[in-house]
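Okay, thanks for coming, everyone. I'll walk you through one model today, so let me put it on the screen.

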Amino acid sequence: MWYNRLSEYLLKEGYKNDSICPCIFIKRSESDFVIIAVYVDDLNIIGTPRELHKAIEYLKKEFEMKDLGKTKFCLGLQIEHLKDGILVYQETYIEKLLKRFYMDKSHSLSTPMVVRSLDVEKDPFRPPGEEEEILGPEVPYLSAIGALMFLASHTRPDISFALNLLARYSSCPTRRHWNGVKQIFRYLQGTKDMGLYFTNQSKTSLVGFADAGYMSDPHNGRSQTGYLFTHGGTAISWRSVKQTITATSSNHAEILAIHEASRECVWLRNVIQHINGSCGISSENKEPTIIHEDNAACITQLKEGYIKGDRTKHILPKFFLHMIYKRMVIL
């Protein structure tokens, strides 16, 4: 109801809103623009000075508001305004997290996870064994996973893979898995000031990177999808997740990863084009988005279309047709 009221009020003033990103409201005049990004009752307003002032005054007429000035802290994100861009990081959130789980005095580590063993029986991320003790509710495993997920999805893609492995055992964690969570905490202890730096100098457009880990989960015969998109050279979207389909080869796994990345790419392109077009900002060219991929067989098949053969005839054609239709360039 609150969103409906706010949306109706802004649209009446001439703001534009699109279903592709319903929480972004944009208004454009001859040479100025303003963007209002809404998260429940927290609003971040971006734009040229004149329109920015008008937007704030217009909102104050209808709603009781607090103007907190230039955004420095919002929803657990710290924003540092520098000469050539902004740095978004979560140092304060990490410090609170370490204290909450009694890891604030721990020694730091240089990696977020231990090295995995090729022997499935020695893999520290293997499922619980028959004789292994399952941790009880006194160990805050689920709470730690949830808290780390918020961090991994906003500013720390470097812990996404390790966290995805550990989140699979939220209902039946063992001491091994809890040690893996503490490994991430100790890694964060030494990297709490790391974040994403968005420069205002780069003109680089949207670029994607996709990869797959074949049989990353040998216990269930599943592979891993990983992708990341950058804009202006900085990561804006990423994901690391176990594939839902059992891949029969590394080529198959890579095609599934590219397919997932292409779906995210389509949405990102639509959002960027909507914001640029509504603000009157010089729109990106209509060239296909480049997604980098390192599997030669996968690249060949995606360039030439669906190739039916003994090694590929079991792969659904939709994974090829979707990317051809969207005009992706795979390098």
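So, at what angle do helix H5 and helix H6 pack? H5 (residues 160-167) and H6 (residues 175-190) pack at about 160 degrees, and their axes are 10 Å apart. Axes here are lines fitted to C-alpha atoms, for helices over the stretch in contact, and angles run from 0 to 180 degrees between N-to-C directions. Helices (H or I, at least four residues) and strands (E, at least two) are DSSP runs, numbered from the N terminus.

Quick caveat: this is a predicted model, where local features need pLDDT of at least 70, side-chain atom pairs count only at pLDDT 80 or more, and totals for chains, interfaces and linings use all residues. Residues are numbered from 1 along each chain as its sequence is written, and side-chain values use heavy atoms, with hydrogens and water left out.

Back to the helices. H5 and H6 are therefore roughly antiparallel, the word for angles over 145 degrees. Who touches whom? On the H5 side, Ala162, Leu163 and Leu166 meet His177, Gly180, Val181 and Ile184 of H6; contact means heavy atoms within 4.5 Å.

Now the strands, which pair if DSSP finds at least two bridges between them. S3 (residues 33-39) and S4 (residues 42-47) run antiparallel, joined by 6 bridges, and Val38 has Leu43 in S4 as its bridge partner. These two strands make a hairpin with 2 residues between them, and Val40 in the turn has a positive phi of about 55 degrees.

Last, there's an open sheet of 4 strands, ordered S5-S6-S7-S8, with antiparallel pairing. Its edge strands are S5 (73-74) and S8 (195-199), each pairing on one side only.

Conventions. Parallel < 35°, antiparallel > 145°, perpendicular 65-115°, else oblique.
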